[in-house]
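Subject: Structure handover

Hello,

Here is the structure I said I would pass on. Please look through it before reading the notes that follow.

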Amino acid sequence: PDQHPDDILNKLRDHLDREGFSDVEIIPQGSTKPARTDPSDPFVSLANQTAEIVYGQRPSVHPMTGGSGPNHPFIHILNLPVISSGVGYPGTAIHAPNEHIRLEDLKQGIRHIAYLLEAMGQE
């Protein structure tokens, strides 16, 4: 979470140059600063509790995953926790040409968000 996109880009350039790939052009397409919500944040607990109600089992929590999103402004400027409540199954073929989601999984995800919003209103 303490990385800076420009620093990482410079390190990539240096690495490529050192390894003999100075002819490789890097064309940045955009960047965002990383951010992470503390897994012990009460919002994470609330999301876990409501997920357990919907799915009938404790969720699998991954504090750091690959991915992108505009989390930094929410976490570091607005001081709001951010979670990602993934919906899918192992065969979903994420980011592949045949990526898909089963309707029942989508419905369960919608139920989870609805339960989470309701619980937030009761806090």
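Is Asp-17 buried, partly exposed or exposed? Asp-17 has a relative accessible area of 36%, so it counts as partly exposed. The classes are set as follows: buried is under 20% relative accessible area, exposed is over 50%, and partly exposed is in between, with a 1.4 Å probe and protein chains only.

First, some notes on reading the rest. This is a predicted model, in which local features need pLDDT of at least 70 and side-chain atom pairs count only at pLDDT 80 or more, while totals for chains, interfaces and linings use all residues. Residues are numbered from 1 along each chain as its sequence is written, and side-chain values use heavy atoms, with hydrogens and water left out.

Salt bridges

A search of the whole structure finds three salt bridges (a side-chain nitrogen of Lys or Arg within 4 Å of a carboxyl oxygen of Asp or Glu). Side chains of opposite charge can pair when their charged atoms come close.

Asp-17 takes part in one of them, with Arg-13, at 3.0 Å from N to O. Arg-13 and Asp-17 are separated by about one helical turn because they are four residues apart in helix 1. Helices here are DSSP runs (H or I, at least four residues), as strands are (E, at least two), numbered from the N terminus. Arg-13 is partly exposed, at 23% relative accessibility.

Another salt bridge joins Lys-11 to Asp-7, with the closest N and O atoms 3.1 Å apart. Both residues lie in helix 1 (residues 5-18), four residues apart, which is about one turn of the helix. Lys-11 has 49% relative accessibility and so counts as partly exposed; Asp-7, with a relative accessible area of 35%, is partly exposed.

Asp-105 and Arg-102 also meet in a salt bridge, at 2.8 Å from N to O. Asp-105 counts as buried because its relative accessibility is 16%, whereas Arg-102 is partly exposed at 40%.

The largest pocket has a volume of about 1600 Å³. Its lining has 46 residues, and the closest to its centre are His-62, Thr-65, Ser-84, Ser-85 and Gly-86. Helix 2 (42-55), helix 3 (71-77) and helix 4 (103-122) are the elements that give two or more residues to this lining. Helix 2 gives the largest share, five residues. By class, the lining of the largest pocket has 20 nonpolar, 21 polar and five charged residues.

The terms are these. On a 1 Å grid over the protein atoms alone, a pocket is an open set of points with protein on both sides within 12 Å along at least five of seven lines, whereas a cavity is a set of points where a 1.4 Å probe fits but cannot get out; lining residues have an atom within 4 Å of a point. Grid points are joined across faces, edges and corners, and a volume is the space filled by probe spheres set on the points. Ala, Val, Leu, Ile, Met, Phe, Trp, Tyr, Cys and Pro count as nonpolar, Asp, Glu, Lys and Arg as charged, and the others, Gly among them, as polar.

The second largest pocket holds about 240 Å³ of space. Among the residues lining it are His-4, Pro-5, Asp-6, Gln-29 and Gly-30. Its lining has five nonpolar, six polar and one charged residues. His-4 is in the segment before helix 1 and is partly exposed, with a relative accessible area of 33%.

Nonpolar patch

Tyr-55, Val-87, Ile-101, Leu-103, Leu-106 and Ile-110 make a nonpolar surface patch of about 520 Å² (residues with over 30% relative accessible area and no salt bridge, nonpolar side chains being joined within 5 Å and like charges within 9 Å; areas are from the Shrake-Rupley method with a 1.4 Å probe). Helix 4 gives the largest share of the patch, three residues. Tyr-55 is in helix 2 and, at 34% relative accessibility, counts as partly exposed.

Backbone

Most residues other than glycine have a negative phi. Ala-93 has a positive phi, near 55°, and His-95 has a positive phi, near 65°. Ala-93 is in the loop between helix 3 and helix 4, and His-95 lies in the loop between helix 3 and helix 4 too. Ala-93 is partly exposed, at 22% relative accessibility, whereas His-95 is exposed, at 70%.

Regards
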